[in-house]
Amino acid sequence: MKWQDVIQVLRLLVSCVSSDHAEEGRASIYQSVFTNSSKEMMCFPDFPYPDDYPNYMHHSKLQEYIKTFAQKKNLLRYIQFETLVSSIKKCPSFLVTGQWEVVSEKDGKQESTIFDAIMICSGHHVYPNLPTDSFPGLHQFQGHYLHSRDYKDPDAFTGKRVLVIGLGNSGSDIAVELSRLATQVVISTRSGSWVMSRVWDNGYPWDMVYVTRFASFLRNALPSFVSDWLYVKKMNTWFKHENFGLMPLNGSLRKEPVFNDELPSRILCGTVSIKPNVKEFTETSAVFEDGTVFEAIDSIIFATGYDYAYPFLDDSIIKSRNNEVTLFKGIFPPLMEKPTLAVIGLVQSLGAAIPTADLQARWAAKVFANSCTLPTTNEMMDDIDEKMGKKLKWFGQSQTLQTDYITYMDELGSFIGAKPNIPWLFLTDPQLALEVYFGPCSPYQFRLMGPGKWDGARNAILTQWDRTVKPTRMRAVGKAQRPQHFYNLLRILSFSVLLLAVWLTFY
């Protein structure tokens, strides 16, 4: 089987759109969206961003990068733009061939094509979750309400009193943006959330400091009570969440935090307030569970996330047990007679989507080509159950397929021989090994060795801090600074020894 025989099926074969209105069946974003992952951590692993790109990009800049990547890799000829995938069904000969019949539609005309394998890459930010039944009295509310998917810009809310339901990234972004024009903005949250700045220790991007192999090792090796305490302490370093009404109900869970550099400031300025869950609505007001009331509401914005939906595919394929998404490693349906369908980009972690999807697709392509073999159905189901238990421990109850980024990427990398061999690197290339282990776990690491090896990976890793600092040093004053791994290591080890000594003293 050749790679040309594999189709990456999208609901529409074009990514997110930023237009004046949301379009049915397509992901939608608001005009002011910026990335939460920095450029060095969210690139294609053999295609670094240009040096002068900002670390966190406006969505138009990211689209420019993706277009350039597609052009440089000569991919445009494989993409059928403005083409709707109407249905994907197993061929009558599926048990033998593993083939699929794909019905697509363009300009009102349908076409049926047979494919050897399918990758579903449509993501999970298309079909909004609007839980109107969960809010008594909403039917009598006389104002306007909408889902955050339909929000585009703040102009229409000038001088209004706005309630935002949901404390996620979208809800926080929208609330902060509205707070400059609206009379008052209130965020209602059921469980609170950690709020992080994109700017971390010494002004470096958060993910280049936090997402490292050494930090991941410590989080997994330390006793849970120590790891939890350190996590909560770190999350509270910027500001005390208790004082802002943002403290999560279970602070030790590793749920995805909110990335917003301005929310605490907006709360301090009084233009944004945090309230608990809404108990009920009246014609003009919201009554919260603590008994307080937000009066004279003009608009409600539901930032309540999205539902998984693949309307072109039989639900039983993806949701094979108890109507839950059941996928081996978040990719392969375990009950398939032939492993010729993969779901790419559904798993969520603190890592960026692009390198995660890249590694998922590389593994899937090898499975399709019979270069890699999946375990038995029972083994895959056992693995799914084990991972579900760990997910509940670390991330709590949620519908999303959440996982630890580095652990997951290493697992996928090991399937295709692309996981970095750290001991071997320390023996053969100590300079690179130090950066790989103590520095950011950047996508280039998964192109150092094995199939798909990129000759530029080593240099990309050793120069990643140069590309990080360059766009911020428009006025050069002194020599550019980069993190000192040994200093950070000694600091962490000293603290760990002190913590152990205290624990031994009292226990």
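Helix α9 crosses helix α11 in a left-handed manner (the near helix is turned anticlockwise from the far one by less than a right angle). The model is predicted, with local features requiring pLDDT of at least 70 and side-chain atom pairs pLDDT 80 or more, whereas totals for chains, interfaces and linings use all residues. Residues are numbered from 1 along each chain as its sequence is written, and side-chain values use heavy atoms, without hydrogens or water.

The axes of α9 (residues 353-368) and α11 (residues 405-416) lie 9 Å apart at an angle of about 25 degrees. The two helices are therefore roughly parallel (angles under 35 degrees). In contact (heavy atoms within 4.5 Å) are P355, T356, L359, Q360, R362, W363 and K366 of α9 with Y405, Y408, M409, L412, G413, F415 and I416 of α11. By class, nine of these residues are nonpolar, three polar and two charged.

Helix α5 (residues 213-221) also packs on α11, at an angle of about 105 degrees and with the axes 9 Å apart. This pair is therefore roughly perpendicular (65 to 115 degrees). R213, S216 and N220 of α5 meet I406, T407 and D410 of α11; one nonpolar, three polar and two charged residues make up this contact.

S299 belongs to strand β16 (residues 299-302). With a relative accessibility of 7%, S299 is classed as buried (under 20% relative accessible area, 1.4 Å probe, protein chains only). Leaving aside residues up to four places away in sequence, S299 touches H144, F157, R161, V162 and L163.

Key
Axes fitted to C-alpha atoms, helices over the stretch in contact; angles between N-to-C directions. Helix = DSSP H or I, 4+ residues; strand = E, 2+ residues; numbered from the N terminus. Parallel < 35°, antiparallel > 145°, perpendicular 65-115°, else oblique. Nonpolar A, V, L, I, M, F, W, Y, C, P; charged D, E, K, R; others polar. Buried < 20%, exposed > 50% of the residue type's maximum accessible area, 1.4 Å probe, protein only.
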